[in-house]
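Dear colleague,

Please find below the structure I am handing over to you. My notes on its backbone and strand pairing follow.

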Amino acid sequence: MIDIASPQRLRLDSDALVHNWCWLARHGGAEAGAAIKADGYGLGARTVMDRLAAAGCRHFFVATWGEAAALMPLPEGVTLSVLHGVGAEDMVAARMIPARPVLNSPQQVARWREAGEGLPCDVMIDTGMNRLGLRVEEAMAGALDGLAIETLHSHLASADEDSDQNGQQLAAFHAVRTQIAARRYSLANSAGICLGADYGFDLTRPGIALYGGIPRREAEGHIRQVAFPEARVLQVRDVPAGETVGYGAAWTAPRDSRIAVVNLGYADGYLRCHAGSGGGRWNGRKLPLVGRVSMDLTAFDTRDATEIAEGDWVTVDYDLPRESAACGLSQYELLTSLGARFDRREK
Ligand SMILES: *Cc1c(COP(=O)(O)O)cnc(C)c1O
């Protein structure tokens, strides 16, 4: 096979990842697991799992059985839960793969019971989000009797805001906990962890904050950037003052300029909303994005970085809270939209 080097890399700073996980475990007042669905929020679920397992993380969460299968074999002493539970079409996979479903509906509970082997499972109770999970009344009315529940979960709808819904869901979860036996109880995602140890119970399920997202003020100054997209310079060109760059002639050179055209575009998940606010860095020097983002190309003004050359790497600005505020995408979208062309590797 020919080894074809990608002109794009997505660097994962695993020291920062582990640092963030440790902070979340301390601040949450409970053992911390890790949500690694959507390929570890786009960073590479296998690497994330290996690094966090080595740091002591024992509980991981994916969305689907396909994601679970891709993570086999699991590191020693680690458990994996599948958040979407089991559909009829998942039962073969669910029996074969050493992961457990998070049962979300009476139908899923019945399906798991019929499998009949007393296999362990997790259960999701909906305490007010109305997304996935059994209703509290269903759970209290005996729908879960006889199940071997490892972790009983609920999920917060508004934890990133100072909403009354947080306290309401917390109270509902406490009530469920007194009625339904499980080995452990889990409520908080990243934002829920920031709400304080009252929300911690036995296990937390951080996702976005592991990867450098700041869900609430409480995490500011504690969470480090983890994901660093980089792309190669394809061409460096001199653009005389008054000429324009790119589609729609959206940027006019205010002075004689040197422009670096980089191997990155909206087909890679670097979306057009970055125009006007995005930027990159080369040897520590700032390169503002100019003009529109194309499908596979983006132009940067090199300013005083005049020695920049074809083939050099530009690190794209990707501080999640800052870019999210500037371009309007959520911190989650910024990570999970990064495409398959990136070569995912550690820093
Ligand atoms: C994705 C997910 C999480 C992680 O949420 P973050 O906001 O990324 O921390 C936790 N719990 C459930 C049920 C999820 O689906």
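Subject of these notes: strand pairing and backbone

In strand E18, Ala299 is the bridge partner of Val290. Please bear in mind throughout that this is a predicted model.

The pairing of E17 with strand E18 (residues 298-301) is antiparallel and comprises two bridges. Strand E17 (residues 285-290) is also joined to strand E16 (residues 279-282), again in antiparallel orientation, by four bridges. Within that pairing, Gly279 stands opposite Pro288 of E17. E16 and E17 form a hairpin, and two residues lie between them. Asn283, in the turn, has a positive phi of about 50°.

Phe201 is not a glycine, yet its phi is positive, at about 50°. Phe201 belongs to the loop that connects helix H9 (190-194) with strand E11 (203-204). Is Phe201 buried or exposed? Its relative accessible area is 16%, under the 20% limit, and Phe201 therefore counts as buried.

Ala249, likewise a residue other than glycine, has a positive phi near 45°. Ala249 is located in the loop between strand E13 (244-245) and strand E14 (251-252). With a relative accessible area of 38%, Ala249 is partly exposed.

Lastly, there is a peptide bond to note. The bond from Met72 to Pro73 is cis, and its omega is near -5°. Pro73 sits in the loop between helix H4 (65-69) and strand E5 (79-82).

With kind regards

Note on methods
Residues are numbered from 1 along each chain as its sequence is written. This is a predicted model: local features need pLDDT of at least 70, side-chain atom pairs count only at pLDDT 80 or more; totals for chains, interfaces and linings use all residues. Side-chain values use heavy atoms; hydrogens and water are left out. Buried means under 20% relative accessible area, exposed over 50%, partly exposed in between (1.4 Å probe, protein chains only). Two strands pair if DSSP finds at least two bridges between them.
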